Amino acid sequence: MSRKKAVSTGTKVKKSREDWVFDIVLYTIAVILALVALYPMYFIVIASFSDPALVSNGEIMFIPRGVNFKAYKELASYAKLWVGYRNTIFYVIVGVIVTLVVNIPVSYALSRKNLYGKKFFTAFYLIPMFFTGGLIPTYMAVKQFNLLDNFFVMVIPFSVVTYYIIVGRTFFNTSIPDDLWEAAQLDGCGYLGFFFKIVLPLSKAVIAVIALWAAVGQWNSYFNALIYLRSPELQPLQIVLRQILIGNQTISAMTTGAAAVEAKQMADLIKYAVIVVSSAPIMCMYPLVQKYFNQGVMLGSLKG
């Protein structure tokens with residue numbers, strides 16, 4: 001009773017010994033988990049500009065030694081690297097826009113109770129989530145639409161994602177009540193006006209979540225480019241980095257003696273630099289949408 005009264009009056013409740021022990025254990029576990037998750041990324045960063053001989057001997061743990069930027073200079077010398085960066089940025093921008101344009105309206109439509117044929121359309125989108133035609137039929141369909149070795153093969157054929165639709169539908173179910181639509185009707189607002197003027201401004205959280213997921217997926221896209229793209233000028237960053245890694249590994253395998261050791265160390269150094277180069281831009285983007293990301297995930301998890 002006294003604790004409830006203290007909370008209601010705003011006074012600070014003194015923690016018991018058990019509470020302090022619980023907090024210490026909880027924070028200790030949280031710190032350990034954070035270190036386990038962050039240390040590999042930290043090691044890759046410091047290893048990418050440390051002495052490759054020290055890295056291969058296991059002498060680099062927490063502090064970089066023999067600082068040099070040979071790997072980054074080597075990567076910067078590849079002209080294809082910048083072409084891959086340019087292509088990937090275009091794929092991310094166009095892919096995110098197409099993904100939002102395709103999935104957000106479908107999510108909203110499936111969230112409305114008065115949608116005619118709602119069960120059919122829901123099943124229509126859910127079934128491909130569990131059963132797909134496979135690689136060969138998909139390849140034949142892409143070829144039939146003349147999308148092979150085409151810019152749009154990276155952004156159009158795989159833009160419909162059932163999981164994004166489910167997340168968006170759940171968000172709209174919990175955040176856009178029917179009463180809001182009825183009030184908009186009284187003011188003379190139609191379906192399109194309601195969607196663009198009211199629903200979308202209230203849906204920044206879920207839009208940011210889906211945009212982030214789509215951007216990460218497009219940035220890391222590797223398999224689709226490997227299957228459907230042939231022209232070097234259309235290759236995304238991940239394929240270019242793969243070619244660089246394979247080329248360096250081949251060089252290190254073909255050399256012998258002391259040159260082989262040096263080539264192997266340089267190949268490992270470039271491998272670490274490649275991870276940093278491919279991961280840093282998308283990781284820098286995450287803090288910009290973290291607020292909306294957390295909000296969208298929590299709101300979308302309230303009700304199925």
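Leucine 229 lies in the loop between α12 (223-228) and α13 (237-254). The model is predicted.

- Leucine 229 counts as buried, because its relative accessibility is 2% and the cut-off for buried is under 20%.
- Leucine 229 and isoleucine 239 are 10 residues apart in sequence. In space, their C-alpha atoms are 10.0 Å apart.

**Helices α5 and α10**

- Two packed helices are described by the angle between their axes and by the distance between those axes.
- Helix α5 covers residues 79-111, and helix α10 covers residues 191-199.
- They pack at an angle of about 110 degrees, with their axes 13 Å apart.
- α5 and α10 are therefore roughly perpendicular to each other, a class that runs from 65 to 115 degrees.
- On the α5 side, the contact is made by Ile104, Pro105 and Tyr108. On the α10 side, it is made by Phe194, Phe195 and Val199.
- By class, this contact of α5 with α10 has six nonpolar residues, no polar ones and no charged ones.

**Aromatic pairs**

- The model has 23 aromatic pairs.
- One of them joins phenylalanine 69 and tyrosine 72. This pair is tilted, at 6.3 Å centre to centre with 50 degrees between the planes.
- Phenylalanine 69 is partly exposed, with a relative accessible area of 45%. Tyrosine 72 is also partly exposed, at 24%.
- Tyrosine 164 and tryptophan 213 form a stacked pair.
- Tyrosine 164 lies in helix α8 (residues 162-175) and tryptophan 213 in helix α11 (residues 204-219), so the pair ties together parts 49 residues apart in sequence.
- Tyrosine 164 is buried, with a relative accessible area of 12%. Tryptophan 213 is partly exposed, at 22%.

**A ring cluster and a charge over a ring**

- Ring pairs link Tyr108, Phe171, Phe172, Trp181, Tyr191, Phe194, Phe195 and Phe196 into a cluster.
- Tyr108, Phe194 and Phe195 of this cluster also take part in the contact between α5 and α10.
- The charged end of lysine 271 sits over the ring of tyrosine 272. The distance to the ring centre is 5.7 Å.

How values were computed:
Residues are numbered from 1 along each chain as its sequence is written. This is a predicted model: local features need pLDDT of at least 70, side-chain atom pairs count only at pLDDT 80 or more; totals for chains, interfaces and linings use all residues. Side-chain values use heavy atoms; hydrogens and water are left out. Rings of Phe, Tyr and Trp (its six-membered ring) pair if their centres lie within 6.5 Å; planes under 30 degrees apart count as stacked, over 60 as edge-to-face and the rest as tilted. Buried means under 20% relative accessible area, exposed over 50%, partly exposed in between (1.4 Å probe, protein chains only). Helices (H or I, at least four residues) and strands (E, at least two) are DSSP runs, numbered from the N terminus. A charge sits over a ring if NZ of Lys or CZ of Arg is within 6 Å of the ring centre and within 35 degrees of the ring normal. Axes are lines fitted to C-alpha atoms, for helices over the stretch in contact, and angles run from 0 to 180 degrees between N-to-C directions. Angles under 35 degrees count as roughly parallel, over 145 as roughly antiparallel, 65 to 115 as roughly perpendicular and the rest as oblique. Contact means heavy atoms within 4.5 Å. Ala, Val, Leu, Ile, Met, Phe, Trp, Tyr, Cys and Pro count as nonpolar, Asp, Glu, Lys and Arg as charged, and the others, Gly among them, as polar.
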